[in-house]
Amino acid sequence: MTAPLSERSSTVTEAVKLQRRATRIAAGRFLAEGPNLVEAAARHGFVERVFATEAARQRHGALLGGLPVAAVTDRAMKALSETVTPAGLVAVCRLPDATLEQVLAGAPSLVVVAAEVADPGNAGTLIRLAGAMGADAMIFAGDAVDPFNGKCVRSSAGSIFSVPVLAEADTVGLLDRLRAAGLQVLATTLDGEVSLDDAQPILAAPTAWLFGSEAHGVAEEIASLADHRVVIPMAGDVDSLNVAAAAAICLYQSAREQRGRRSGSG
C-alpha cells in the first residue's frame, strides 16, 4: 500500500531526522538501508515502513511484497540515504526492546561487551561477529558509539536484527551483573596473565568477553575487574590488533570450546 503524497512528504522529513542519535532514542526508531538490510529487518519483524524509489520497487518487488511501502523520488532518497550511491530502499525500523534482564534470564553462555568502542564500522563488525559466533547478546558499555547509527547498522550485515544489542552506561555495574548471572569476565589485554593458547580449560564456561576502545584497549581500571586477563600471542613486530580482529579470534575460540562442551555432554 502506498501512502498519499502529503503523508509521504511528512514521513520522509521525520525519517531523515532519524539520522541523528537523539531523534532515534526519542522516537524508538532507526533506519536500515539497502535490500539486504531491509530483508533482514522484515524477516525479524522490525520494519514499520519502507521508502523506495520507483526503480527499486521494480527491482525488489518480491522483497517488498506485504511491506508498507512509500514511493519517493530520487531526490528524497538522497536525503534519506547515508551512502554515496543509494540503493533506493530505506526502512524505518523499531528499536529492539531487549533488556539486560531478559538476556540474563535466558542463562547466556557467550556475551560480547565492547567498552568505549567509538568507531561505528568496528561496532557493526562486532555485532556481525557476535551473530556469527552464536553470542547471546552484544553490549556496548560506557561512552560507546550508538550501535543504531547508519554505518554501524550497515557494517553489522543484518546481525543487528538477530542478536540482542544493548547499551549500558555503567560498565562496572554491568560486569557485576554479568558475573552475578554466572558468567566469567575475560578481558583482552597486552599484559594478560593467560595466553589464549592456554585458555581452553576456562573457555568452555559461560563467558562475557570484554573488548576495549580502538585507541587504548580495555581501560586498566575496567580490566582489573575481569576474572582473567587474556593475551593473544603474536609473532613478529605486531604487538596489537584491531578490536574487531581480536574479537574474531577470541570469540571463535570460545564458541569452539562451548560447542565441544555441549557435544560432550550430549
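About 50 Å³ of space lies in the largest cavity, a cavity being a set of points on a 1 Å grid over the protein atoms alone where a 1.4 Å probe fits but cannot get out. The count comes to 1 cavity of 30 Å³ or more. The model is predicted: local features need pLDDT of at least 70 and side-chain atom pairs count only at pLDDT 80 or more, while totals for chains, interfaces and linings use all residues. Residues are numbered from 1 along each chain as its sequence is written, and side-chain values use heavy atoms, with hydrogens and water left out.

**Largest cavity**

- Leu31, Ala32, Glu33, Leu80, Glu82, Val90, Gly150 and Arg154 line the largest cavity; lining residues have an atom within 4 Å of a point.
- At least two lining residues each come from strand E1 (29-33) and helix H9 (150-155), and E1 supplies the largest share, 3 residues. Helices (H or I, at least four residues) and strands (E, at least two) are DSSP runs numbered from the N terminus.
- The lining of the largest cavity comprises 4 nonpolar, 1 polar and 3 charged residues. Ala, Val, Leu, Ile, Met, Phe, Trp, Tyr, Cys and Pro count as nonpolar, Asp, Glu, Lys and Arg as charged, and the others, Gly among them, as polar.

**Pockets**

- The largest pocket has a volume of about 460 Å³, a pocket being an open set of points with protein on both sides within 12 Å along at least five of seven lines.
- Of the 21 residues lining the largest pocket, Thr188, Leu190, Gly217, Ser240 and Leu241 lie nearest its centre. E11 and H13 are the elements that give two or more residues to this lining.
- The lining of the largest pocket divides into 11 nonpolar, 8 polar and 2 charged residues.
- The second largest pocket has a volume of about 240 Å³. Its lining has 13 residues, with Leu95, Phe148, Val165, Leu166 and Ala167 closest to the centre.
- Helix H2 (21-27) and strand E7 (165-168) are the elements giving two or more residues to the lining of the second largest pocket, and E7 gives the most, with 4 residues.
- The lining of the second largest pocket holds 9 nonpolar, no polar and 4 charged residues.

**Salt bridges**

- The count comes to 9 salt bridges, each defined by a side-chain nitrogen of Lys or Arg within 4 Å of a carboxyl oxygen of Asp or Glu.
- Glu39 and Arg43 form a salt bridge (2.9 Å, N to O); both lie in helix H3 (residues 35-43), 4 residues apart, about one turn of the helix.
- Glu39 counts as partly exposed because its relative accessibility is 32%, whereas Arg43, at 53%, counts as exposed. Buried means under 20% relative accessible area, exposed over 50%, and partly exposed in between (1.4 Å probe, protein chains only).
- Arg229 and Asp191 form a salt bridge (2.8 Å, N to O). This pair links distant parts of the chain, 38 residues apart: Arg229 is in strand E11, and Asp191 is in the loop between strand E8 (184-188) and strand E9 (194-195).
- Arg229 is buried, with a relative accessible area of 14%, whereas Asp191 is exposed, with 52%.
- Asp191, Glu220 and Arg229 are linked in a network of salt bridges.

Terms used
Points joined across faces, edges and corners; volume = space filled by probe spheres on them.
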